[in-house]
Amino acid sequence: MVKICCIGAGYVGGPTMAVIALKCPSIQVVVVDISVSRITAWNSEQLPIYEPGLEDIVKQCRGKNLFFSTDVEKNVAEADIIFVSVNTPTKTQGLGAGRAADLTYWESAARMIADVSTSNKIVVEKSTVPVKTAEAIEKILSFNSKGINYQILSNPEFLAEGTAIQDLFNPDRVLIGGKETPDGQKAIQTLKDVYAHWVPEDRIITTNLWSAELSKLAANAFLAQRISSVNAMSALCEATGADVSQVSHAVGKDTRIGSKFLNASVGFGGSCFQKDILNLVYICECNGLPEVANYWKQVIKVNDYQKKRFVNRVVSSMFNTVSGKKIAILGFAFKKDTGDTRETPAIDVCKELLRDRARLSIYDPQVTMDQIQRDLSMDKFDWDHPVHLQPVSPGTVKKVSIVWDAYEAARDAHAICILTEWDEFKTLDYQRIFDNMQKPAFVFDGRNIVNVRKLREIGFIVYSIGKPLDPWIKDMPAVA
Ligand code: NAI
């Protein structure tokens, strides 16, 4: 029986290994983590992450060929294939701080593999890493090898949170990079055989190591660039009276462009886009390519601009002051169908509103009170370290209440900001909400999910990103 061990039981390690276990009953899969609380949760009824469809799979396989353990060393020693799916956050200190990837977690995993291994291993980079990381990992392993043969593969993960199980069941492609030597090709074939249990052969792409590593950074940069492009257009739409939904529909009909990932919003979030682009920018700079670096940097600048622009609209529409006013925040996760808040635009929007002395009442169907408190009291980039290593300081953020109902959040509020596109926000009883709010009652839709016309008929003043402006909002001078 082939044995797989995955180091890192997070948003990637957990779902990917659960699907491998489901699709490959002849393979034993053990997911290990240094976090006792995470592993305890994986072994409980309350999984540590919310992902549609995941719970069923874990229940089917757990205890049969899928195991979760904190005994990292034993399981690594016994495995034939080791996936490394640890976090690779942005460095917060030292050389490259704020841009370069922090490979501390990766390096310590590699050193541990070298320490405990007694048989040949295939080590698979699942985490998103800077191009050429495999070379560094190989050095660490081979200098400490004790005669063991290690083959390093790059197998970046392309799943999207919220649709992870669907994406894993039916991937657009699986990418495997390895060395062009006979041993490297043999290792690629071994990993290919795992995926071939359910992925059609023509969707499994093999490349050299550096192409695989760089493809992941490139894919995230291209995806984020589309969002920043449509968001940049949304500002122009507001200035000209065009409607960004109509523009992106018309543009997306061009088959060379395509319709996906063209929705304007308050900005992209999630643990990957910003960190991976910053990393790409750093790599370009290190390779003497400042023009290329600046091109990609602009994608992040537009994203920051979009969040700021949204807050400016809120404040300027409400007579240039939100001081002491209650604002309901609907949605805190970075997208629907996940409880993940890493780099969610809601953090920046809420922090800005708090700086302007607003009182916030926040509701999200999947994010815990602790997590919201932590996010609002943490410095930028600190979020990207494992949740169990983050300080919890309940009560740090005054002027914030976290509630478990959208109606409760909006009661007596002056305004509602929709920051996550949860389906339930589309079907709320907005008349009931309006009746219980201060007047004039504002809706600022950061995800373009409400029916603007209907809400205006109820009496709301509505701002929806990139849509023709409400006459009220048009007449208010925008804050610089
Ligand atoms: P995560 O933070 O949810 O999980 C990482 C886990 O690794 C944590 O539970 C941590 O305790 C554990 N860990 C760290 N060092 C360890 C060690 N030495 N030994 C054992 N466990 C250790 O991170 P997530 O979101 O799963 O991301 C992992 C990697 O996958 C990152 O490089 C990310 O960029 C990449 N990725 C993430 C995607 C996402 O949607 N979250 C999608 C595609 C790639």
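Q: What kind of unit do strand 12, helix 16 and strand 13 make?
A: In this predicted model, strand 12, helix 16 (residues 430-435) and strand 13 form a β-α-β unit that is right-handed.

Q: How many bridges pair strand 12 with strand 13, and in which sense?
A: There are 4 bridges, and the pairing is parallel. Strand 13 covers residues 442-445, and its Phe-444 stands opposite Cys-417.

Q: And which way does strand 9 run relative to strand 12, parallel or antiparallel?
A: Parallel, with 4 bridges joining strand 9 (residues 326-330) to strand 12. As one example, Ile-327 has Ala-415 of strand 12 as its bridge partner.

Q: What about the two faces of strand 12, covered or open?
A: Both are covered. Ala-415 and Cys-417 are buried on one side, and Ile-416 and Ile-418 are buried on the other.

Q: Switching to the ligand: how many residues surround it, and which are the closest?
A: The ligand has 26 residues around it, with Asp-33, Thr-88, Glu-161, Lys-275 and Arg-342 the closest. By class, that shell holds 9 nonpolar, 10 polar and 7 charged residues.

Q: Which ligand atom does the side chain of Asp-33 sit 2.6 Å from?
A: An oxygen atom of the ligand; the distance runs to an N or O atom in the Asp-33 side chain. Thr-88 also has a polar side-chain atom 2.6 Å from a ligand oxygen. For Glu-161, a polar side-chain atom lies 2.7 Å from a ligand nitrogen.

Q: How much of the ligand's accessible area does the protein cover?
A: The protein covers 96% of the 830 Å² that the ligand has on its own.

Key: Residues are numbered from 1 along each chain as its sequence is written. This is a predicted model: local features need pLDDT of at least 70, side-chain atom pairs count only at pLDDT 80 or more; totals for chains, interfaces and linings use all residues. Side-chain values use heavy atoms; hydrogens and water are left out. Buried means under 20% relative accessible area, exposed over 50%, partly exposed in between (1.4 Å probe, protein chains only). Two strands pair if DSSP finds at least two bridges between them. A crossover is right-handed if, with the strands pointing away from the viewer, the path from the first strand over the helix to the second runs clockwise. A residue is near a molecule or strand if one of its heavy atoms lies within 4 Å of it. A polar contact is a pair of N or O atoms within 3.5 Å; within protein, one must be able to donate a hydrogen and the other to accept it, and residues adjacent in sequence count only if both atoms are side-chain atoms. Accessible areas come from the Shrake-Rupley method with a 1.4 Å probe; for residues, only the protein chains shown count as cover. Ala, Val, Leu, Ile, Met, Phe, Trp, Tyr, Cys and Pro count as nonpolar, Asp, Glu, Lys and Arg as charged, and the others, Gly among them, as polar.
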